[in-house]
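Open your viewer and get ready to select a few residues at a time. Here is a short tour of what to look for at each stop.

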Amino acid sequence: MAFTFKGGIHPDEQKNTRRTPIVPITPPGSVCIPMSQHIGICCEPCVKIGDLVDKGQIIGKVTEGLGCPVHASISGKVTKIEDMIWSKEHSVTAVTIENDFECRVSPSVKPYCGDIRTLGTEEIIDRVRNAGIAGLGGATFPTYAKIANAVGRIKGLIINCAECEPYITANHRLLLEHPEKVVGGIKILLKAFSLRTAVMAIENNKKDAVKAVAALPFDPEMIRICVLKTKYPQGDERQLIYALTGKEIPTGKLPVDVGYVVFNAETCAAIYTAFATGMPLTERIVTVDGDCVGSPGSVLVPLGTPISELLEYCQTDSSKIAKIIVGGPMMGKAVWSKDTPITKGSSAVLAFSEKALKSQMKKQTACIRCGKCLAACPMHLMPKEIYRAYIKGDLSKCKTLLAQSCVECGSCTYVCPAGLDLSQAIVSAKTKLRPKRVVSEAKPLAVDENSEKPLCDHTSKTQQEEK
Amino acid sequence: MNEERKENTLLQVSSAPHIRSHDSTQTVMLDVIIALLPLLLWGCYIFGMRALTVTLITVFSSVIFELLFNLITKKTITVLDLSAVVTGLLLSYNLPHTIPFWMPVLGAFFAIVPVKMLLGGLGKNLVNPALAGRACLLLSFSSAMTVPPVLTRLDLFESYLPGDALSGSTPLYTVLSPAEDGSSISTELLFDMFIGNESGTIGEVSALLILLGFLYLLLRKVVSWHIPLSYLGTVAFITLLFPAEGVERFDVVYMLAHLFSGGLLLAAVFMATDYVTSPITPKGRIIFGIGCGLLTVIVRYCAGNEGASYAVLTMNLLVYFIDKITVPRPFGAALPKLKIKKESKPQ
């Protein structure tokens, strides 16, 4: 019997790109790299306009607190350093680099030359931090901090290859084409935690990936592959840990508190690359799909590449595009501009036409108390009740109904036959209930993928300054 | 950069999720109608075409009353959600095919206007409209609501005079008042009840078709198993362990006769599972089903009458409280009981 959890939904999988190999994009003419692509404090740019930069060279430094350095993803000349609008209320500094197509690699990029068997935990954390690796599943929590926080406190390492969102096949293709990178990364992580076994969780719609990994020559004691029932949101840490171990993470606690830590498969591959070649995180696999895209597929993209170039590469009819979603259709973020750059958290780019959007439209009618939202909620909340309380403005009732433990998966909105915006209301309630003074480091680990929280947290800074 | 952006057309933005299932209130109601239609066909076969006429009258009058209400109150037209059709169907299924034609119109009016629309329409009603309509007719015109004891097939428009119809001969009465000579219910009669070869209201006679409808609704995930199974299970449990006087314990035939006779199955599968008037929590649904079962058997034993509709109507009124006490424990939240224990220990 496959591992699974209670609740959840099974939307149309739409894994149209599962058989399309990963291809590297033709190098973009210029990239625009935001200084904050992770949860935590914004980086300070450490290059000037006119500087020549190499691929892999650090261009954004962490000055304080939690953060990941940012590296140049191509070689070329810095042409602009300016603020760009990032979300409704926030802007972020971005460095624009014009490509000189010389593909110079920074001299700082050096493979790890010591013996991998005697690697120390500190050394691993150091290299992961310098490589700027953040959770590539979409939550973009700095990986070094996750490792440092979990060392000595965990008994199980879980590698998340569930990829439960429709359309996205980035992890699937990675496991099929470069399973050795993922396994290499797992070996390094096991070393960091001094553990012997890691659990790899793969949904049963990716049986070929299971075979590809199992075919590698590694000690079967080291990696145990668990096949999960295909269901959304299986890739959520809480549901994944429950499916595999039967343990519930108490409200407001982190996976570490029950003795587990979860890493995304692509993050493992990035850790491996940081050791094998020394190349920091400068590119990622992005699934490009949607009804406007002529040749959908998974593309290896330098960070900072504008979405428009990526869509062009995939032969997209840009005149038809009405909506672009970065991430999966369940939790992804709709962007308003085709110039938005690819960042560390962009696992997919989906371009939909007006026609496709219309087919997803639903007329809002009265709640008929069908209880489907309760059955779908992976957190076993009462979405309908929270929705009603929020519409009435009764925030204290939202709190007693534990609106704050919503993982923002959107399952309730998906199933609602009355077409109500349940999860949208719950997320708003959650945002309003969040304590006013948010210290970035206290932000929960990668629980909610693509959370609405802006990448660069200016509000918390200013509020702290005021105090 | 900003200038470039101005040149580009802005794209649509909205918060996640960006996809939705294809279920709507309309498709849900359509599924219920599909599950109900075989019962109508069987009703026409067994009672004659007059059953169809009665059903058409209730369905049309339900829809028209809702439409009129929408128009008079200048609210959105809601008839397209098909819930009025379901109410009409269920109401007619609870009526004898011999009823005078004007009565179903009255029943539909009561079900739609005071019970459903005046309280705010679909989703706001407290009790099942179809059952309320039936209860209204039963209290007002009990003789016309009496099911003729023998199977009478009637034409489309044939009027029926109740005359001196003797009560006590429909299968339910046979079950509720065991023969004086002590003979139990024959298996032939049980089989007739299962197939639906018996007298009764238009839609309640065929246990087989009701169960098939239930299966369809389960497969389409329109209803959950909780209410029907806990309801029927409770009735089965009581009739098996505590049968009425004169019947031996563990009489399976007696138990099955209870399940297949009267409106119990129809109520358990189609009335008690009405979304609006049943609890939304899984635990609450089980409590609701058990309550319905208990009340049904109590009415059957004590009043010698079919109690299913009154049982469901009574439990409908308790839904708010059942929902309140059965809030599920959120994932990862501590059990409220455990909390109390932990707090009391240090004291």
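Start at the interface of domain 1 of chain B and domain 2 of chain B, where the rule finds one salt bridge in this predicted model. To see a salt bridge up close, select Arg220(B) and Asp31(B): their closest N and O atoms are 3.1 Å apart.

Now colour the two domains of chain B, residues 25-140 for domain 1 and 171-325 for domain 2 in the domain assignment. Their centres, taken over C-alpha atoms, are separated by 22 Å. Across the boundary, 36 residues of domain 1 of chain B touch 32 residues of domain 2 of chain B. Together the two domains of chain B bury about 2800 Å², with 73% of that on carbon and sulfur atoms. Next, show Leu39(B), Trp42(B) and Leu131(B), which supply 21% of the area that domain 1 of chain B buries against domain 2, more than any other three residues.

Move over to chain A and select helix H1, residues 121-130, whose buried residues are Ile124(A), Ile125(A) and Val128(A). These sit on the same side of H1(A), because they cover an arc of only 95° around the axis. Just past H1(A), click on Gly132(A), with its positive phi of about 65°.

Last stop: the open, antiparallel sheet of chain A, with strand order S3-S5-S6. S3 (44-45) and S6 (70-71) of chain A are at the edges with a single partner strand each, so one side of each lacks a neighbour in the sheet. Finish on Gly60(A), whose bridge partner in S6(A) is Val70(A).

Methods
Residues numbered from 1 in each chain as written. Chains lettered and ligands numbered in written order. Predicted model: local features only at pLDDT ≥ 70, side-chain atom pairs only at ≥ 80, totals over all residues. Heavy atoms only, no water. Buried < 20%, exposed > 50% of the residue type's maximum accessible area, 1.4 Å probe, protein only. Helix = DSSP H or I, 4+ residues; strand = E, 2+ residues; numbered from the N terminus. Arc of directions from axis to C-beta. Pairing = 2+ DSSP bridges. Domains from an automatic or database assignment. Contact = heavy atoms within 4.5 Å. Buried area = accessible area lost by both parts, 1.4 Å probe. Salt bridge = Lys/Arg side-chain N within 4 Å of Asp/Glu carboxyl O.
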